[in-house]
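Hi,

Here is the model I promised to pass on.

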Amino acid sequence: MSRPTKFRKVEFFPDSTYFIPWGKPKCDIEEIVLKLEELEAMRLKDIEELNQEECAERMQISRQTFQNVIDSARKKTVIALTEGKAIKISGGHYTTSLCNFKCLDCGAVYPVNY
């Protein structure tokens with residue numbers, strides 16, 4: 001029996017979650033789903049330029065699991081770019097420490113990191 005999948009910690013949620021090649025109608029394009037933890041892995045490694053061990057610690061997973069996640073993310077991204085497929089960022093097996101707090105008096109929403 002296989003081991004249950006461990007939740008991966010995600011700290012970033014994109015505002016834009018759907019990318020489509022220019023000039024192609026959405027109904028004619030195949031889409032690739034990029035999981036939130038795959039996007040997080042690429043963000044930590046390629047944008048924040050952390051080493052693999054630091055990335056794995058931030059996501060609270062092993063280095064091998066991090067390598068598997070980032071390999072999958074990069075493969076999906078390259079396939080979408082080279083074959084003209086849409087990228088949908090959605091789903092995954094993750095947890096986060098970010099949430100929103102809504103003031104009951106004024107209705108303002110504040111991000112809270114716990």
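How many bridges join strand 3 to strand 4, and do these strands run parallel or antiparallel? Four bridges join them, and the two strands run parallel.

Before the rest, some housekeeping. This is a predicted model, with local features needing pLDDT of at least 70 and side-chain atom pairs counting only at pLDDT 80 or more, while totals for chains, interfaces and linings use all residues. Residues are numbered from 1 along each chain as its sequence is written, and side-chain values use heavy atoms, with hydrogens and water left out.

**Overall**

The chain has three helices and seven strands, in the sequence pattern β-β-β-α-α-α-β-β-β-β. Helices (H or I, at least four residues) and strands (E, at least two) are DSSP runs, numbered from the N terminus. The C-alpha trace spans about 50 × 40 × 35 Å along its principal axes. Of the 114 residues, 30% count as buried (under 20% relative accessible area; exposed is over 50%, partly exposed in between; 1.4 Å probe, protein chains only). Take the contacts (heavy atoms within 4.5 Å) between residues at least 6 apart in sequence: 67% of them join residues at least 24 apart.

Three strands form an open sheet in the order 2-4-3, with mixed pairing. Strands pair here if DSSP finds at least two bridges between them. Strand 2 (18-19) and strand 3 (31-34) are the edge strands, each pairing on one side only. Strand 4 covers residues 86-89. Within it, K88 stands opposite V33, and I89 is the bridge partner of L34.

In a regular strand the side chains alternate between the two faces of the sheet. Strand 3 has I32 and L34 on its covered face and E31 and V33 on the uncovered one.

**The helices**

Helix 3 (residues 63-83) lies across strand 3 and strand 4, at about 155 degrees to strand 3. Axes are lines fitted to C-alpha atoms, for helices over the stretch in contact, and angles run from 0 to 180 degrees between N-to-C directions.

Helix 1 and helix 3 pack with their axes 8 Å apart, at an angle of about 100 degrees. That makes helix 1 roughly perpendicular to helix 3 (65 to 115 degrees; under 35 is roughly parallel, over 145 roughly antiparallel, the rest oblique). Residues of helix 1 that meet helix 3 include E37, A41, M42 and K45, and their counterparts in helix 3 include F66, V69, I70 and A73.

The axes of helix 2 (residues 52-59) and helix 3 come within 9 Å and cross at roughly 95 degrees. Helix 2 is therefore also roughly perpendicular to helix 3. In this pair, Q52, E53, C55, A56 and M59 of helix 2 meet R63, F66 and Q67 of helix 3.

**One lysine to look at**

K85 sits in the loop between helix 3 and strand 4. Is K85 buried or exposed? K85 counts as buried because its relative accessibility is 17%. Its side chain makes a polar contact with the side chain of E30, at 3.3 Å. A polar contact is a pair of N or O atoms within 3.5 Å; within protein, one must be able to donate a hydrogen and the other to accept it, and residues adjacent in sequence count only if both atoms are side-chain atoms. Leaving aside neighbours within four places in sequence, K85 is in contact with P21, I29, E30, I32, I79 and A80.

Cheers
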